[in-house]
Amino acid sequence: MKRYVAGTLAALAAPAAGVMFAVSPATAASTAPAAPSAALRCHASMSDSRPKDYTTIYVNVGTVRYAGVTTVAHYKTVNREHTGKANAGGTAEIAYYISGATPGYRVTVSVTVTSGRSRGTCSTSFMPHR
């Protein structure tokens with residue numbers, strides 16, 4: 001609204017300078033910056049924080065219903081990405097098969113949840129052993 005008023009005042013003062021222009025409300029509204037999206041709720045935990053090699057564990061994610069879920073496990077030598085979708089209750093289980101991971105090395109799992117234009121992040125970790 002301030003931009004429209006300022007444009008209108010400039011248009012009223014412009015005839016004195018010999019130039020005339022007008023700013024429409026639509027033009028003023030389109031120049032306003034977009035409001036940032038709200039962050040989505042994100043909570044992550046591991047089904048087993050000390051898994052043995054050659055077992056399957058799950059990243060348990062809590063978020064909003066039907067949100068897309070992307071997890072990335074940051075192992076010592078490689079990053080593994082898995083995706084899924086939250087159910088109607090807002091929970092998702094993303095499976096990871098642990099095969100020969102470095103024992104004693106803490107693996108951080110980054111989690112990103114998305115729904116429409118909103119997104120949220122969280123993380124969890126596990127430490128494999130033999």
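How many bridges join strand β2 to β5? I found eight, with β2 covering residues 55–62 and the two strands running antiparallel. Strands here are DSSP runs of E of at least two residues, numbered from the N terminus, and two strands pair if DSSP finds at least two bridges between them.

Before going further, I noted that this is a predicted model, where local features need pLDDT of at least 70, side-chain atom pairs count only at pLDDT 80 or more, and totals for chains, interfaces and linings use all residues. Residues are numbered from 1 along each chain as its sequence is written, and side-chain values use heavy atoms, with hydrogens and water left out.

**The sheet with β2.** I then traced an open sheet of three strands in the order β1-β2-β5, with antiparallel pairing. Its edge strands are β1 (43–46) and β5 (91–98), each pairing on one side only. From one strand to the next, the twist averages 20 degrees; axes are lines fitted to C-alpha atoms, and angles run from 0 to 180 degrees between N-to-C directions.

H74 stands opposite N79 in β4.

**T124.** I found this residue in strand β7 (residues 118–126). Why does T124 count as buried? Its relative accessibility is 13%, and buried means under 20% relative accessible area with a 1.4 Å probe, protein chains only. Leaving out residues up to four places away in sequence, T124 touches A44, S45, M46, V59, V107, T108 and V109, a contact being heavy atoms within 4.5 Å.

**The largest pocket.** I read off about 190 Å³ of space, a volume being the space filled by probe spheres set on the grid points, which are joined across faces, edges and corners. A pocket is an open set of points on a 1 Å grid over the protein atoms alone, where a 1.4 Å probe fits, with protein on both sides within 12 Å along at least five of seven lines; lining residues have an atom within 4 Å of a point. Of the 15 lining residues, Y75, V78, S99, G100 and A101 are the closest to the centre. β4 (79–85) and β5 are the elements that give two or more residues to this lining, and β5 gives the most, with three.

Conventions: Helices (H or I, at least four residues) and strands (E, at least two) are DSSP runs, numbered from the N terminus. Buried means under 20% relative accessible area, exposed over 50%, partly exposed in between (1.4 Å probe, protein chains only).
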